[in-house]
Amino acid sequence: MKKVIRKAASLIVIGCMTMAVSGCGNSSGRQVVVYNWGDYIDPEVNKMFTQETGIKVVYSDYANNEEMYSKVESGTVSYDVLFPSEYMIEKMINKDMLAKLDLSKIPNYEKIDERFKSLPYDPNNEYAVPYMWGTMGIVYNKTIVNEPVDSWNVMWDEKYAKQIFMYDSERDSIMVALKKLGYSMNTRDEKELEEAKAELIKQAPLVLAYVGDEGKNKMINGEAALMLAWAGDAMLMLSENPDLEYVIPKEGSNYFVDSMVIPKNAAHMEEAYEYINFLCRPDIAAKNAEYIGYSTPISEARELLPEEVKNSDVAYPSENITSDPLMEMFNDPSDIISVYNSIWTQVKSSS
Ligand code: N2P
């Protein structure tokens with residue numbers, strides 16, 4: 001989990017992709033077209049997959065679920081493997097966009113811990129293979145914030161004006177405001193959503209920037225006091241800067257599981273199965289989890305991680321956390337998406 005190593009590695013990926021496009025490095029002519037979140041794979045893993053199988057990986061990334069969905073829906077590229085979060089899987093199932101999986105083609109599926117199976121978005125384990133999981137919380141710099149941090153309220157504290165990074169994501173930002181108010185992140189109550197909007201508009205002048213993956217380096221460099229962050233990104237940041245801490249606010253937060261799925265119209269189904277199976281192999285899942293900082297749902301892989309990672313409360317909080325009623329998974333907000341979109345447009349235009 002080293003920033004410098006990561007940068008060098010991403011250049012290698014670009015090199016491999018150029019090779020892949022020109023057909024170098026694989027004699028089989030087989031390929032798999034993968035679309036994943038940014039900073040969400042060890043580039044070595046893709047190289048190893050090609051070396052072992054002869055299947056070239058055509059890889060690109062996205063910043064959030066919504067960006068992925070629009071790209072897939074537009075149909076400009078036909079993808080074979082995607083990595084949506086739970087609420088987006090639910091939406092894509094409802095829109096009939098996902099292939100029903102033949103789990104006999106993913107023998108390593110049995111390695112995945114039972115607690116990550118049969119979740120509400122895919123109760124019969126028909127569509128999604130869990131990839132990484134985690135929580136969302138606050139990363140803060142102890143040299144600037146020298147008071148205990150245990151509530152979302154700190155992200156609204158004027159003392160930290162222009163020292164706060166929010167995440168450039170509609171769903172996650174509205175979640176924070178709803179939880180701060182003590183509401184469910186899945187509320188359909190328009191009055192509660194209005195209140196959340198007012199909170200985010202109130203917060204906007206205090207926000208230094210609504211960031212994406214680039215926020216991590218900025219926090220590492222001490223450029224802000226507080227940042228809304230996923231635990232996996234927190235792992236990376238904390239390992240680079242000992243002044244940083246991660247906390248899940250007492251009002252509760254999001255617990256997510258990102259999974260691998262195959263779109264119904266995938267052109268390379270067999271290759272997609274091989275790729276997913278490879279990522280579920282415990283040694284590969286461990287290598288990947290160590291590099292990206294996120295939490296593997298495969299205990300056998302967790303066992304292979306360095307002590308400080310596998311025993312970390314940030315990456316592997318107590319199992320109770322996933323049954324804590326204040327920790328929620330997102331469900332599909334399609335029925336109120338226009339309310340969500342309008343809140344977010346108003347928040348962003350007030351910042
Ligand atoms: C990594 C994205 C992680 C996604 N940049 C969390 N759901």
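**The ligand and its cavity**

Me: How many cavities of 30 Å³ or more does a search of the whole structure find?
Reply: This is a predicted model, where local features need pLDDT of at least 70, side-chain atom pairs count only at pLDDT 80 or more, and totals for chains, interfaces and linings use all residues. Residues are numbered from 1 along each chain as its sequence is written, and side-chain values use heavy atoms, leaving out hydrogens and water. A cavity is a set of points, on a 1 Å grid over the protein atoms alone, where a 1.4 Å probe fits but cannot get out. With that rule, the search of the whole structure finds 3.

Me: Where does the ligand sit?
Reply: A molecule sits in a cavity if more than half of its atoms lie within 2 Å of the grid points. The ligand's place is the largest cavity.

Me: Which residue has a polar backbone atom 2.7 Å from a nitrogen atom of the ligand?
Reply: Let's look at polar contacts, pairs of N or O atoms within 3.5 Å. Asp 258 brings a polar side-chain atom to 2.8 Å from a ligand nitrogen, and for an N or O atom in the side chain of Asp 213 the distance is 3.0 Å. The backbone atom at 2.7 Å belongs to Gly 38.

Me: How much of the ligand's accessible area does the protein cover?
Reply: Accessible areas come from the Shrake-Rupley method with a 1.4 Å probe. On its own, the ligand has 260 Å² of accessible area. The protein covers 99%.

Definitions and conventions
A polar contact is a pair of N or O atoms within 3.5 Å; within protein, one must be able to donate a hydrogen and the other to accept it, and residues adjacent in sequence count only if both atoms are side-chain atoms. On a 1 Å grid over the protein atoms alone, a cavity is a set of points where a 1.4 Å probe fits but cannot get out, and a pocket is an open set with protein on both sides within 12 Å along at least five of seven lines; lining residues have an atom within 4 Å of a point. Grid points are joined across faces, edges and corners, and a volume is the space filled by probe spheres set on the points.
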